[in-house]
Amino acid sequence: MSLALSRCLCVLSSRQTAPVSFLLGHHHHAVKSPWFAPVMTIKTSAPLRAEPRKKKKTDTKRDQMFRDRMKKKLKKLEKVPPEFIPIEDFIVATKCLDETRDRSPPRQSLEESEGRAQLLKQWSIYKQEQHMDEVQAVELALKAQREALEELKLESEELYQEALKPDLPLFPFVHEGPTYTPANPKYEAPDGKYNDITKVYTQ
């Protein structure tokens, strides 16, 4: 329809050019009329064949049913207990559960078992005597310290009070062993190449 309209306008404009040329050619004093326009001044726009967008019909019942289904699914998910992240340190490998890999204890002869029992008794007696000697040495040192403090108290009360105070320079003892190279405070240790096999769990 738009194409036919543009053709009609072209035909009318071509018919109206004759009087305009007549007026301008023979009568220069004539005034151009707005009803007689040349063909070059007429402009037509491109035909638009687009249709208006149709409004989408909304079905309220269908939307409500969809919402109800989603609510039911959410309720089912809430009822399922959450899965806890397994602690891999507590999981025993299947190869360790193989009963055929149990190693029987080595068999010992009667003489060897008796010799080990006798050696264990001698070792326990030795450690007991060593412990008693250490306790006796500590008791003797404490007894000598008490006697020395009592004598010092009789000589001078001020020296006695100073002797009771702890020796502060003795406790904050810090020692660092020798190193092969001097420490570099700006050194950044490389991490090295490794494959990260850490499992990521999502709840």
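Leu120 is located in helix α3, which spans residues 110–155; helices (H or I, at least four residues) and strands (E, at least two) are DSSP runs numbered from the N terminus. The model is predicted, with local features needing pLDDT of at least 70 and side-chain atom pairs counting only at pLDDT 80 or more, while totals for chains, interfaces and linings use all residues. Residues are numbered from 1 along each chain as its sequence is written, and side-chain values use heavy atoms, with hydrogens and water left out.

At 60% relative accessibility, Leu120 is classed as exposed; the class requires over 50% relative accessible area, buried means under 20%, and partly exposed lies in between (1.4 Å probe, protein chains only). Together with Trp123 and Tyr126, Leu120 makes a nonpolar surface patch of about 390 Å². Patches are built from residues with over 30% relative accessible area and no salt bridge, joining like charges within 9 Å and nonpolar side chains (Val, Leu, Ile, Met, Phe, Trp, Tyr) within 5 Å.

The protein chain contains four helices and zero strands, in the order α-α-α-α. Of its 203 residues, 2% are buried. The chain exposes about 22100 Å², of which carbon and sulfur atoms supply 59%; accessible areas come from the Shrake-Rupley method with a 1.4 Å probe, and for residues only the protein chains shown count as cover.

Helix α2 (residues 60–79) reaches 29 Å from its first C-alpha to its last, close to the 28 Å expected at 1.5 Å a residue; the expected span is 1.5 Å times one less than the number of residues. None of the 20 residues of α2 is buried.

Mean pLDDT, the predictor's confidence in each residue from 0 to 100, is 77 over the protein chain, and 72% of the residues score at least 70.

Two salt bridges are counted, each a side-chain nitrogen of Lys or Arg within 4 Å of a carboxyl oxygen of Asp or Glu.

| Salt bridge | N to O distance |
|---|---|
| Arg116 and Glu112 | 3.3 Å |
| Lys165 and Glu162 | 3.4 Å |

Arg116 and Glu112 both belong to α3, four residues apart, about one turn of the helix. Glu112 counts as partly exposed at 38% relative accessibility, and Glu162 counts as partly exposed at 48%.
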